[in-house]
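Subject: Structure handover

Dear colleague,

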Amino acid sequence: SRFAPLALHAGFQAAVVATLAPRDLALCVFAQTLLFVAANKVSTAQYFVWWLPFFVVVVAPIFYSSAERRAVHRLVRAALLWLAALGAWLAVAYSLEFLGWPVHTELWLLSLLFFAANIHLLLVVLRVAAVPPHRLDGGEQRPPP
């Protein structure tokens, strides 16, 4: 049916809310927004502005922690991969839209790469943000209240 992709996407969104909202609302909103933008049929720079503020809120504690340098390196690598995929996609999209070059196959392949980069960034953020904040500061592990 033509509504199957919509139902699948709604299922992913519901799973994200059910899993993340009770623990970390900012992370939940970031994940939902990034999933929505990544799975959208249209890609514009405006959509990235939707999830970037949540990205900063979610990863800022990790960048200010002195205990999680590996996590910071993972985040930086994922962000650089995302930027590289975006740049490649934009270059080919420009060639199609403004120069009229027949690069449909290349654009499709780069769209898959860009989607994968979005999902990779989301997975890295979810893994890194799963570390409890009291562990990021180097403190001893305490049971949750």
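This is a predicted model: local features need pLDDT of at least 70, side-chain atom pairs count only at pLDDT 80 or more; totals for chains, interfaces and linings use all residues.

Residues are numbered from 1 along each chain as its sequence is written, and side-chain values use heavy atoms, with hydrogens and water left out.

The chain has 6 helices and 0 strands, where helices (H or I, at least four residues) and strands (E, at least two) are DSSP runs numbered from the N terminus. Read along the sequence, this gives the pattern α-α-α-α-α-α. Of the 145 residues, 33% count as buried, a word that stands for under 20% relative accessible area, with exposed for over 50% and partly exposed for what lies in between (1.4 Å probe, protein chains only). Among the contacts (heavy atoms within 4.5 Å) with a separation of 6 or more, 58% are between residues 24 or more positions apart.

Next come the helix pairs. Two packed helices are described by the angle between their axes and the distance between the axes; here axes are lines fitted to C-alpha atoms, for helices over the stretch in contact, and angles run from 0 to 180 degrees between N-to-C directions.

The axes of helix H2 (residues 25-39) and helix H5 (residues 104-129) come within 9 Å and cross at roughly 170°, and H2 and H5 are therefore roughly antiparallel to each other (angles under 35 degrees count as roughly parallel, over 145 as roughly antiparallel, 65 to 115 as roughly perpendicular and the rest as oblique). Residues that make this contact include Phe30 and Leu34 of H2 and Phe115 and Asn118 of H5. The contact of H2 with H5 divides into 13 nonpolar residues, 1 polar and no charged, where Ala, Val, Leu, Ile, Met, Phe, Trp, Tyr, Cys and Pro count as nonpolar, Asp, Glu, Lys and Arg as charged, and the others, Gly among them, as polar.

H2 also packs with H3, at an angle of about 155° and with the axes 9 Å apart, which makes H2 roughly antiparallel to H3. Among the residues in this contact are Phe30, Thr33 and Leu34 of H2 and Trp50, Trp51 and Phe54 of H3, and the residues of the contact divide into 15 nonpolar, 1 polar and no charged.

Thr33, which has its place in H2, is buried, with a relative accessible area of 16%. Leaving aside neighbours within four places in sequence, Thr33 is in contact with Trp50, Trp51 and Phe54.

Helix H4 (residues 69-97) has 29 residues and reaches 41 Å from its first C-alpha to its last, close to the 42 Å expected at 1.5 Å a residue, the expected span being 1.5 Å times one less than the number of residues. Its buried residues include Trp82, Trp89, Val92 and Ser95, and what covers the buried residues of H4 includes helix H3 (45-63) and H5. For Ser95 the relative accessible area is 10%, and, not counting residues up to four places away in sequence, Ser95 touches Gly100, Trp101 and Val103.

His104 lies in helix H5 and is exposed, with a relative accessible area of 54%. His104 and Val92 are 12 residues apart in sequence and 8.8 Å apart in space, C-alpha to C-alpha.
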